[in-house]
Amino acid sequence: GKGLPFLGLTALLNEEAMVSRRAFLSALPALALPLPAMAAPQGFVDVKAFGAKGDGRTDDTAAIRAAHATGKPVWYPRPPVFYRITGWVRVLADVSGDSAEVRCLGDGSIEKGIFYIQQNKAPITIQGMVLNGLYKGQTKGGQWSAGISLKGARRVTITRNVIRAPYGDCVYLGSLDAKIGCRNIRIVENQLLDPRRCNVAVVCADTVLIQGNTIRKPNSFVGAVDLEPDGNGFDYVTRVQVIDNRVEVDGDFIVAAGNNGVMSEGVVVRGNRGRWQRLSYVTDSARLCRPVFADNKLEGPAAIAPRKK
């Protein structure tokens, strides 16, 4: 039939004898209007401007690396499918995304991690990203393909991200060349899910806040939060706070082991809620000095039976 002109439509809706407003509007076809893409924040470069497709098939590694190599903050708009990369990306400045997903198929090697920060000169914040390592439960291969790897990093905030299924740690904090440790790191309000190794591995760092995250680990390999310096004569773990996280761990929540002659002071584990097989596993070699464990509540049965030693 003929379309209704605008003024005729108004008149028709006001004519009770012909049709009610509700009946008329319910008969209109649904309009499938796509949500407008969010524009890059001021001062950010857009990965799509460098050729990233986000179609789930194209290898976007080179395009994404080119965006980060500018040294400017980088914006990831939500892609049609996901951004596919085949190796880690060096992060030099802030990263922000519209729940944009980046996938890298991990194999346990360092090179198959996703984001990497090394001895940054200015503060960096990573937020609004979905980082997926596609780990499917394999037990062979290495354990170093991290969602976010920090080495000698300073003043880094990781917040409101989903870091899922890395073939290593969701977040790794270590030293650069056994000479420079991480310092002032905030890991807050993220979803840290289903790693092969740890949700957060603190190997060399001072002043770390792990707060308000959802932490899920469906295996007992290592632990959810690992405080474990490498035996390289340098690494240390001091002033780490693990506070107010939601936890579902099929094994140990906190693991502390190893030292290089430095006391692990200032460790606070407080206000965490959820399920774990064991709240903490601390070896004599950890040299954990006056740790504070307070107000952590096991909700429901322990995740699994105690593991064999």
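Reader: In S9, which residue is the bridge partner of isoleucine 126?

Author: This is a predicted model, in which local features need pLDDT of at least 70 and side-chain atom pairs count only at pLDDT 80 or more, while totals for chains, interfaces and linings use all residues. Residues are numbered from 1 along each chain as its sequence is written, and side-chain values use heavy atoms, with hydrogens and water left out. Strand S7 (residues 124-132) runs parallel to strand S9 (residues 154-159), and four bridges join the two, where DSSP must find at least two bridges for strands to pair. In S9, the partner of isoleucine 126 is isoleucine 158.

Reader: Which residue in S12 stands opposite threonine 157?

Author: S9 is also joined to strand S12 (residues 182-188), again in a parallel arrangement, and this pairing has five bridges. Within S12, the residue opposite threonine 157 is arginine 186.

Reader: How many strands does the protein have?

Author: Helices (H or I, at least four residues) and strands (E, at least two) are DSSP runs numbered from the N terminus. Counted in this way, the protein has three helices, and its strands number 27.

Reader: What share of the contacts with a separation of 6 or more joins residues 24 or more positions apart?

Author: A contact requires heavy atoms within 4.5 Å. Among the contacts in the protein with a separation of 6 or more, residues 24 or more positions apart account for 72%.

Reader: What is the volume of the largest cavity?

Author: On a 1 Å grid over the protein atoms alone, a cavity is a set of points where a 1.4 Å probe fits but cannot get out, and lining residues have an atom within 4 Å of a point. The lining of the largest cavity includes Cys104, Lys112, Ser145 and Tyr167, and its residues divide into five nonpolar, four polar (a class with Gly in it) and one charged. The structure holds one cavity of 30 Å³ or more, and the largest has a volume of about 30 Å³.

Reader: How much space lies in the largest pocket?

Author: A pocket is an open set with protein on both sides within 12 Å along at least five of seven lines. The largest pocket is lined by 18 residues, with Ile110, Trp144, Ser149, Lys151 and Tyr172 nearest its centre, and strand S6 (115-118) and strand S8 (148-151) each supply at least two residues of this lining. The lining holds nine nonpolar, five polar and four charged residues. The space in the largest pocket is about 250 Å³.

Methods:
Points joined across faces, edges and corners; volume = space filled by probe spheres on them.
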